[in-house]
Amino acid sequence: MEITLDKKTNTEGLIRIKLTEGDYQPKVEEKVKDYARKATIKGFRQGKVPPGVIRKMFGKSILVDEINHLLSHKINDYIKDNNIRILGEPLPNQEKAREIDWDAQKDFEFEYHIGMVEDFTYELSSKAKVKGYKIKVDDKTVDETISDLKKRFGKVTYPELSEEQDSIYGELRPKDLTTDNESLKREHAAIQIEKVDAAERKKFIGRKKEDEIEFEPSKVYTDPSLLQDLLGLSDEEAKGTFILKVNTISRTEPAELTTELFDRVFGKDVAKTEEEFVNKVRETISENYDRETNHFLEHLIEDYFVKNTEINMPAEFLKTWLKRTGDGQVTDEVLEKEFEPYVRTLKWDLIKNKIADDHKINVEADEVREKAKDMIVSQFGGQAFAEQLKDKLDAIADNYLANENGQNFMRLYNQLRAEKIMKHIRENITIEEKSVSLDEFKKIVSEHKH
């Protein structure tokens, strides 16, 4: 057997494999004998079929299977032994393969087109500077959050007449109901009067059960999310005049700032005074903001490394590979739209993998098990749940990780590995943090081009 690599460029090449009869024939003969022992063929007792009959009936398919098996292993071993960093998978030269005469040939030559990645360097030091953001928690946000909490945990009553702080529930239908627009009827629609546009609000005040309120949804709520959440209508569906028939009016009397509210929101004795409650609300808002800013920071870190790390990519090979392995779904039109984002993702994966290799970032099975246990405990009631299970938690975690043919294990493994890589990157670069308001942060995110 002879295997050689012919580099066409630094990123593309041909692996050629030459086979002689001695490379594959011993295995072929083994399989012929195995077939002879197991085959059930009319006119022969099982296990007594002559090898010649097997060769005549199945010889070609046995030969093809064995050579394909041999090629698969040898090409993978060659790539691994020679530390060739490939992208995608080796693509066989189909035209050359079609020329093979399986009935007559004894020696064979195969070609595989491969895409390669040259070695590359990245900047992982304090010289690498990425801008990060910290959202300021202002008093207005804290006050609004506390106001919402007081309403959420307040006492609900059902008055006869609606007032500005109330919600109205009922059946919604188009004013001119026809068979064409009957699908726009909603049995359960809601109007939160406080969120209604000021110019339209008076239509909903002083209403009682069975009243019919005529309005244009697009004027009542200018926020598309409210149209969808409260009325169940999309921005497009909300055009025209509708009628809401009142079924229920609800009013929430805000809860008082007492230990009863503090315990219901954060758990018993977490906040014992109004000052502690306000501080805990501020802390919780800050933690929520931190999750948003950390997620965005990871995008900015990715942007930095993709932009500032030079990696030559075998673009034409990748396009060919995607089309050939895409089951007809990857067309030139699809590639034109999605190839650039695909290459960006591939480049970022290469950078992360190299960082992990260079800095010995590994994930052990015990770490995956602990991650699974934390996830299970979080989903089923926190630490109290963990105390109830005690020594059974390991078995539950192991069972979860084994499910779906080990995919749960790999999902958590990959998640942990990505977290470790990102943590290592953040610890070794310079993050220039800037304090911004929530509105400023939202504007920055909306204008960001990833």
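Strand S7 (residues 167-174) pairs with strand S10 (residues 242-253) in the antiparallel sense, over 8 bridges, where strands are DSSP runs of E of at least two residues and helices are runs of H or I of at least four, both numbered from the N terminus, and where two strands count as paired if DSSP finds at least two bridges between them. Within this pairing, Arg173 stands opposite Ile243 in S10. S7 also pairs with strand S8 (residues 186-192), again in the antiparallel sense, over 5 bridges, and here Ile168 stands opposite Ile191 in S8. The model is a predicted one, in which local features need pLDDT of at least 70 and side-chain atom pairs count only at pLDDT 80 or more, while totals for chains, interfaces and linings use all residues. Residues are numbered from 1 along each chain as its sequence is written, and side-chain values use heavy atoms, with hydrogens and water left out.

The pairing of S1 with strand S2 (residues 12-19) is antiparallel and extends over 6 bridges, with Leu5 standing opposite Ile15 in S2.

Helix H1 (residues 21-38) has 18 residues and reaches 25 Å from its first C-alpha to its last, close to the 26 Å expected at 1.5 Å a residue, the expected span being 1.5 Å times one less than the number of residues. In H1, Tyr24, Val28, Val32 and Ala36 are buried, a term that stands for under 20% relative accessible area, with exposed meaning over 50% and partly exposed the range in between (1.4 Å probe, protein chains only). Seen down the axis of H1, its buried residues fall within an arc of 115°, so they line one face of the helix; the arc is that of the directions from the helix axis to the C-beta atoms. These buried residues of H1 pack against H2 and S4, contact being defined as heavy atoms within 4.5 Å, whereas Gly22, Arg37 and Lys38 are exposed on the other side of H1.

A search of the whole structure finds 37 salt bridges, each defined as a side-chain nitrogen of Lys or Arg within 4 Å of a carboxyl oxygen of Asp or Glu. Asp6, Lys8, Arg16 and Glu111 are linked in a network of such bridges. The side chains of Asp394 and Lys373 meet in a salt bridge at 2.8 Å, N to O. Asp394 lies in helix H13 (residues 393-402) and Lys373 in helix H11 (residues 365-379), so the pair ties together parts that are 21 residues apart in sequence. Asp394 is partly exposed at a relative accessible area of 34%, whereas Lys373, at 15%, counts as buried. A salt bridge also joins the side chains of Lys319 and Glu316 (4.0 Å, N to O), which are 3 residues apart in helix H9 (residues 315-325) and therefore separated by about one helical turn.

His424 is found in helix H14 (residues 407-428) and is buried, with a relative accessible area of 18%. Leaving aside its neighbours within four places in sequence, His424 is in contact with Leu124, Ile355, His359 and Ile361. Val330, by comparison, has its place in the loop between H9 and helix H10 (332-358) and counts as partly exposed at 21% relative accessibility. With neighbours within four places in sequence again left aside, Val330 is in contact with Leu322, Lys323 and Leu335. The C-alpha atoms of Val330 and Lys175, 155 residues apart along the chain, are separated by 47 Å.
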